[in-house]
Amino acid sequence: MSKFRARPPAVPTILLDDAVVRVTRWDFEPGADTGHHVHGLGYVVVPMTDCDFLIEEETGERRVHSKAGAVYRREAGVAHNVVNGGDSPMSFIEIEYK
């Protein structure tokens with residue numbers, strides 16, 4: 001795989017990582033992405049800004065708009081690439097439960 005990326009990377013900042021949870025703040029400039037990944041843990045997302053997600057999955061892509069503070073959760077095993085599909089910076093907190 002090439003070490004070159006077409007998109008800028010999203011910036012993760014670990015806020016807490018202990019025996020119970022891992023809390024990460026994700027910051028995205030417009031067009032930034034996480035890179036494709038599979039979640040090994042269930043998780044909760046707390047948007048800190050309005051987020052215009054472009055979600056790239058094996059079955060295709062979809063767009064999701066989440067308002068700041070609109071919490072949602074997913075089970076372990078989710079496989080996707082998360083992209084800032086909007087024209088403004090966005091950020092969210094991801095809480096993975098161990």
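Select Glu57 and Arg62: their side chains are joined by a polar contact of 3.0 Å. A polar contact is a pair of N or O atoms within 3.5 Å; within protein, one must be able to donate a hydrogen and the other to accept it, and residues adjacent in sequence count only if both atoms are side-chain atoms. The model is predicted, so local features need pLDDT of at least 70 and side-chain atom pairs count only at pLDDT 80 or more, while totals for chains, interfaces and linings use all residues. Residues are numbered from 1 along each chain as its sequence is written, and side-chain values use heavy atoms, with hydrogens and water left out.

**Around Glu57**

Stay on Glu57, which belongs to strand E5 (residues 51–57). Strands (E, at least two residues) and helices (H or I, at least four) are DSSP runs, numbered from the N terminus. Glu57 counts as partly exposed because its relative accessibility is 26%; buried means under 20% relative accessible area, exposed over 50%, and partly exposed in between (1.4 Å probe, protein chains only). Show its contacts (heavy atoms within 4.5 Å): not counting residues up to four places away in sequence, Glu57 touches Arg62, Ala79 and His80.

**The open sheet**

Now colour the open sheet of four strands, with the order E3-E8-E5-E6 and antiparallel pairing. Two strands pair if DSSP finds at least two bridges between them. At the edges are strand E3 (37–38) and E6, each of which pairs on one side only. E3 and E8 run antiparallel and are joined by two bridges. Select His37 to find His80 of E8 opposite.

**Asn84**

In strand E8, go to Asn84. Is Asn84 buried or exposed? Asn84 is buried, because its relative accessible area is 3%. Its side chain reaches the backbone nitrogen of Gly86 at 2.9 Å. Leaving aside neighbours within four places in sequence, the residues in contact with Asn84 include Phe28, Asp52, Pro89 and Met90.

**Asp27**

With 26% relative accessibility, Asp27 counts as partly exposed. Its side chain and that of Arg25 are joined by a polar contact of 3.0 Å. Beyond four places in sequence, Asp27 is in contact with Ala10, Val11, Met90 and Ser91.

**Strand E9**

Select E9, where six of the eight residues are buried. E2 pairs with E9 in the antiparallel sense over eight bridges; Val23 has Ile95 of E9 as its bridge partner. E4 also runs antiparallel to E9, and six bridges join them. Here Tyr43 stands opposite Glu96.

**The largest pocket**

Finish at the largest pocket, with a volume of about 350 Å³. On a 1 Å grid over the protein atoms alone, a pocket is an open set of points where a 1.4 Å probe fits, with protein on both sides within 12 Å along at least five of seven lines; lining residues have an atom within 4 Å of a point. Grid points are joined across faces, edges and corners, and the volume is the space filled by probe spheres set on the points.

Which residues lie nearest the centre of the largest pocket? Select His39, Tyr43, His80, Val82 and Glu94, out of 26 lining residues. Among the elements that give two or more residues to the lining are strand E1 (11–17), E5 and strand E7 (72–74).
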